[in-house]
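Biologist: Before we look at any particular feature, could you take me through how a model of this kind is read, beginning with the terms and then going on to the case itself?

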Amino acid sequence: MSNDIHIFLKEVLTKLQSIDYVKPESLPNIDLYMDQVTTFMNTQLASTKRHEDDKILTKTMINNYTKNNLLPPPDRKKYSKDHILTLLFIYYFKSILSISDIQNILTPITDRYFSDNGDLDLQDVYNEVFGLEHEEAQHILKDLAKKYKTSSKTFAGTSEEEAELLHTFAFICMLSFDVYIKKLIIEQTIDKLASSQPLQKKTSNKKKE
């Protein structure tokens, strides 16, 4: 592991910039057929792939999302901008969350804001949460720098060859623990949200009555 923190952070920053989220202005303004949806997603998110042959989105995935009530069905085989936004949320969530967890966190959002003509719609939600990306990236860089420095100071007295391996392992362990804790927090938050949904529906029904 290189001891040059500046080189390390420059590499990380370059990677963060390459996996930037899909900008609102890049979203299609017309409804798309399934082939066009997969082409759009695979083009826009190509930089997030780990391996060249990785698939961002396939027809099978889209059909499964619809079957599992993650994605509202298309209108006459065409997918709207809100379908694209929902697929983007699913894509970002699925690397760390189960299908059931994604259902619990995303369904209340799509139920309320999908194809909604109120003051707030699904694109407003997307713009707001991903608008925080730049500030969050700065926090991530600072945290990575701290972890990198800490891991570089571990296993003092080992040979240079051993130190490089062990420093890298320590760095990965620190990052993994961070992800593990945050994943637990996300899951607990989703569980609380899911447990509150039936109560909210009952309350809503009483008001209607």
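Modeller: Let us begin with burial: a residue is buried when its relative accessible area is under 20%, exposed when that area is over 50%, and partly exposed in between, with a 1.4 Å probe and protein chains only. By that criterion, 29% of the 209 residues of the chain count as buried. The model is a predicted one, in which local features need pLDDT of at least 70 and side-chain atom pairs count only at pLDDT 80 or more, whereas totals for chains, interfaces and linings use all residues. Residues are numbered from 1 along each chain as its sequence is written, and side-chain values use heavy atoms, with hydrogens and water left out.

Biologist: How many helices and strands does the chain have?

Modeller: Helices (H or I, at least four residues) and strands (E, at least two) are DSSP runs, numbered from the N terminus. Here the chain has 8 helices and 0 strands, and along the sequence the pattern reads α-α-α-α-α-α-α-α.

Biologist: At what angle do the axes of helix H2 and helix H4 cross?

Modeller: Axes are lines fitted to C-alpha atoms, for helices over the stretch in contact, and the angles between N-to-C directions run from 0 to 180 degrees. Angles under 35 degrees count as roughly parallel, over 145 as roughly antiparallel, 65 to 115 as roughly perpendicular, and the rest as oblique. The axes of H2 (residues 34-44) and H4 (residues 81-94) come within 11 Å and cross at roughly 45 degrees, which means that H2 is oblique to H4. Where contact means heavy atoms within 4.5 Å, this one is made by Val37, Phe40 and Met41 of H2 and by Ile84, Leu87 and Leu88 of H4.

Biologist: Which residues have the most contacts inside the largest nonpolar core?

Modeller: A nonpolar core is a set of buried Ala, Val, Leu, Ile, Met, Phe, Trp, Tyr and Cys residues joined through side-chain atoms within 4.5 Å. The largest has 33 residues, and those with the most contacts inside it are Val37, Met41, Leu57, Ile84, Leu88 and Tyr126. Its largest share, 7 residues, comes from H4. Not counting residues up to four places away in sequence, Met41 touches Ile56, Leu57, Ile84, Leu87 and Leu88.

Biologist: Where is the place of Gly131?

Modeller: Gly131 is in the loop between helix H6 (122-130) and helix H7 (133-152). Its C-alpha atom is separated by 9.4 Å from that of Lys23, 108 residues apart along the chain.
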